[in-house]
Protein chains: 2
Amino acid sequence: MALIVQKYGGTSVGNTERIKNVAARVAKSRAQGDQVVVVVSAMSGVTDNLIKMAKDIMPLPTEREMDMLLATGEQTTIALTAMALHAIGVEAVSFTGAQAGIVTDGVHTKAKIQNITPSQVHGMLDSGKVVIVAGFQGQTKEGQITTLGRGGSDLTAIALAAALSADLCQIYTDVDGVYTADPRIVKTARKLPEISYDEMLELASLGAKVMQSRSVEFAKKFGVVFEVRSSLNDNPGTIVKEETASMEDVVIRGVSLDKNQAKVTLLSVPDRPGVASRVFKALADATINVDMIVQNVSHGSGVPTTDLSFTVDKPELLKATKVINGLKQEIGFSEFTADEKIGKLSIVGVGMRSHSGVAAKMFDTLAQNGVNIDMISTSEIKISVIINLEKGEAAMRAVHQAFIG
Amino acid sequence: MALIVQKYGGTSVGNTERIKNVAARVAKSRAQGDQVVVVVSAMSGVTDNLIKMAKDIMPLPTEREMDMLLATGEQTTIALTAMALHAIGVEAVSFTGAQAGIVTDGVHTKAKIQNITPSQVHGMLDSGKVVIVAGFQGQTKEGQITTLGRGGSDLTAIALAAALSADLCQIYTDVDGVYTADPRIVKTARKLPEISYDEMLELASLGAKVMQSRSVEFAKKFGVVFEVRSSLNDNPGTIVKEETASMEDVVIRGVSLDKNQAKVTLLSVPDRPGVASRVFKALADATINVDMIVQNVSHGSGVPTTDLSFTVDKPELLKATKVINGLKQEIGFSEFTADEKIGKLSIVGVGMRSHSGVAAKMFDTLAQNGVNIDMISTSEIKISVIINLEKGEAAMRAVHQAFIG
């Protein structure tokens with residue numbers, strides 16, 4: 001008898017019919033003799049509707065009250081899911097985050113889980129019930145309702161799996177698993193049977209929107225092995241776990257293309273200490289998230305100058321250019337350019353650590369396909385390049401072909 | 001500085017605009033220096049929608065899960081109401097029933113309040129905040145979410161007013177207060193400045209649908225004086241309180257007409273011990289609520305027989321006739337009749353205790369207007385008659401004219 005934590009996202013519980021499908025799936029696991037904890041999100045659309053009402057009342061609603069409001073979304077789903085199990089004769093009980101013993105800090109709308117005391121969950125499992133837990137929410141030790149922010153339901157599932165020492169944690173979503181590349185772009189892309197936490201983290205941060213990084217980080221920290229799989233079929237998904245020796249045999253785990261970045265370049269920036277920090281402090285103060293940063297060696301006589309490039313999410317480009325404009329006098333760069341027509345192509349794999357020549361092979365493949373490289377950034381298990389957006393998909397296919405097939 | 005509990009029903013908080021209106025009204029009370037506790041219901045339509053989803057999944061949803069589900073309705077309203085106060089610069093904080101310290105028994109969907117520990121509410125009031133409490137809900141001492149059943153939000157307000165020793169409890173609704181009769185039928189009906197708990201109870205049970213009886217009973221038990229008033233204007237409403245000597249000067253407080261009753265008569269019922277109990281036990285087992293019961297002296301030689309009449313809510317008539325049909329063999333009455341075309345006309349007033357001839361005057365008025373009386377039933381402060389439905393409204397006007405003007 002195994003203890004399984006299953007998480008179903010907003011699309012999987014999007015209406016009462018789909019909730020019945022989830023119940024049928026849970027019943028199947030239960031019928032195999034397993035103990036099952038089910039974590040559910042708010043039904044898709046519900047959270048957006050609550051936010052809309054709040055904004056009708058107040059453009060920037062109080063965060064404590066936003067948590068009070070949004071927590072109702074998951075509470076609705078747990079009750080309906082428990083009913084759907086009852087309807088097919090499966091004993092089940094629903095718990096809010098608070099009732100499941102999920103204690104968080106008091107940072108409303110993006111609370112962190114501090115600890116989980118799942119004694120009530122254990123009690124119900126031992127009495128033979130399926131336990132349905134509201135994802136995305138918790139309670140401070142003073143009894144305030146909190147929410148965990150984006151990707152919060154995944155986090156609830158993984159944290160509960162850790163606290164319960166679950167044998168398996170399944171993240172049900174609308175994709176089959178993690179692929180070597182987006183199958184809509186690369187026809188030969190294939191589903192990965194397994195992937196390491198670090199590779200998953202790199203892919204998550206690259207826009208392969210299966211899961212938020214924080215949930216993967218949490219799983220890595222507590223050694224929670226989890227499976228990403230589809231709620232629409234019975235295909236095995238992708239197991240995410242600690243790196244194993246055999247994983248290194250595969251040089252490249254996946255290829256990703258992020259079309260949502262824009263590039264800003266400051267030309268002829270005086271190469272004085274503190275200039276870069278001034279730029280990125282100003283961007284951080286404006287809550288603009290910066291992804292890649294590239295600065296090369298400086299040149300010139302007198303005060304040497306250099307070019308400084310970085311990328312931001314496309315929707316934040318306008319805000320970023322305003323910030324940079326405001327710094328022109330102070331920093332004294334000659335001019336700056338902004339380019340939305342870029343794509344960020346990345347290859348990820350723990351295997352590249354033990355295989356030399358990976359970067360060379362990637363760059364060569366791009367050159368052979370007539371793709372110019374604007375910027376390069378590397379980590380231990382990732383190589384990213386900024387290229388022309390129009391050539392992005394063709395470049396992705398070529399690189400996938402070269403490394404994976 | 002007074003402590004006021006204000007309750008706003010589902011229509012008063014039916015959309016974000018109306019919630020803003022409620023906030024404006026609360027702010028006015030607060031600006032007068034009063035401490036304010038606001039109890040709100042679910043936005044109108046929300047509860048029905050949740051019930052519909054539940055019934056989509058399961059015709060008879062589990063009661064614990066219904067409570068989990070329905071409690072989200074009021075939780076949504078408290079968060080939005082707190083935001084609406086914040087938006088106009090009033091400090092406010094929302095509490096679920098559990099957070100407000102409302103402890104109930106474990107009878108899901110119709111829990112009874114066992115006690116209230118409003119220490120958190122007091123703390124927030126003392127720090128200058130308006131406290132918004134979710135009506136209709138509480139929590140068992142084991143932490144299970146419960147709801148209080150029909151009229152539950154009124155009950156929350158009155159129970160909180162008792163626990164907080166509030167100076168005033170205002171029940172805001174879509175009517176101006178309690179009237180001597182339905183103003184849509186009786187043009188000369190007027191709003192009552194005050195009414196006793198017992199009179200209010202009789203009127204409530206007579207279908208003057210301002211409040212559920214249980215809230216009035218609770219108020220009577222704990223001596224909570226409350227005012228029923230409109231959330232749409234600033235008119236004073238009706239104060240409901242313990243009977244005072246001066247109240248007896250008024251013979252009749254109000255006249256009501258209940259068009260929702262149907263009458264069943266069993267003819268020539270053998271007058272043996274246990275027959276009536278057999279009939280009403282069978283109706284109770286079928287969860288049919290019986291209102292008036294009339295049986296007169298028996299007559300005939302041999303085993304004397306009598307006629308037995310009772311009234312039920314119209315929607316339950318079909319069910320009732322089936323039950324009665326099933327008893328025909330066993331009890332041996334000759335036949336039974338069912339009549340939907342009846343109205344129940346009642347006059348209510350604590351003053352009738354000290355004024356003789358009230359019944360005579362009522363019956364005389366009806367006779368003068370050509371209205372035949374089918375059944376009569378009286379209590380200490382009420383006289384009800386069953387009459388022809390078609391003559392109901394004219395009879396109501398005539399009786400109102402005779403006693404009130």
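Me: In which strand of chain A is the place of Ser268(A)?

Reply: Ser268(A) is placed in strand β14 of chain A, residues 261-270; a strand here is a DSSP run of E with at least two residues, a helix is a run of H or I with at least four, and both are numbered from the N terminus. This is a predicted model, in which local features need pLDDT of at least 70, side-chain atom pairs count only at pLDDT 80 or more, and totals for chains, interfaces and linings use all residues. Residues are numbered from 1 along each chain as its sequence is written, while chains are lettered from A and ligands numbered from 1 in the order in which they are written.

Me: Why is Ser268(A) called partly exposed?

Reply: A residue is buried if 20 or more other C-beta atoms, placed from the backbone, lie within 10 Å of its own, exposed if 12 or fewer do, and partly exposed in between. Ser268(A) has 18 C-beta neighbours inside 10 Å, so it counts as partly exposed. Its phi is positive, about 50 degrees, although Ser268(A) is not a glycine.

Me: What makes Phe136(B) a buried residue?

Reply: Phe136(B) has 28 other C-beta atoms within 10 Å and is therefore buried. Phe136(B) lies in the loop between β6 (130-134) and β7 (137-139) of chain B. Phe136(B) is not a glycine, yet has a positive phi of about 80 degrees.

Me: Is Val251(A) buried or partly exposed, and why?

Reply: Val251(A) has 18 other C-beta atoms within 10 Å, so it is partly exposed. Val251(A) belongs to the loop between β12 (238-241) and β13 (254-258) of chain A.

Me: How do you know that Val251(A) touches Met352(A)?

Reply: Two residues are in contact if their C-beta atoms, placed from the backbone, lie within 7 Å. Leaving out residues up to four places away in sequence, the residues touched by Val251(A) include Met352(A), His355(A) and Phe403(A). Val251(A) and Met352(A) are 101 residues apart in sequence, but 5.1 Å apart in space, C-alpha to C-alpha.

Me: What makes chain A as compact as a globular protein of its length?

Reply: The radius of gyration is taken over C-alpha atoms, and the globule rule is 2.2 Å times the number of residues to the power 0.38. For 405 residues the rule gives 22 Å, and chain A has 24 Å, which is close, so chain A is as compact as a globular protein of that length. The secondary structure of chain A comes to eleven helices and 20 strands, and buried residues make up 49% of its 405 residues.

Me: Which residues touch the most other members of the largest nonpolar core?

Reply: They are Val133(A), Leu160(A), Val133(B) and Leu160(B), in a core of 241 residues. A nonpolar core is a set of buried Ala, Val, Leu, Ile, Met, Phe, Trp, Tyr and Cys residues joined through C-beta atoms within 7 Å. Not counting residues up to four places away in sequence, Val133(A) touches Val37(A), Phe95(A) and Leu160(A), among others.

Me: How many residues does each chain give to the contact between chains B and A?

Reply: Chain B gives 28 residues and chain A gives 28 residues. On the side of chain B that touches chain A, α3(B) gives the most, with 14 residues.
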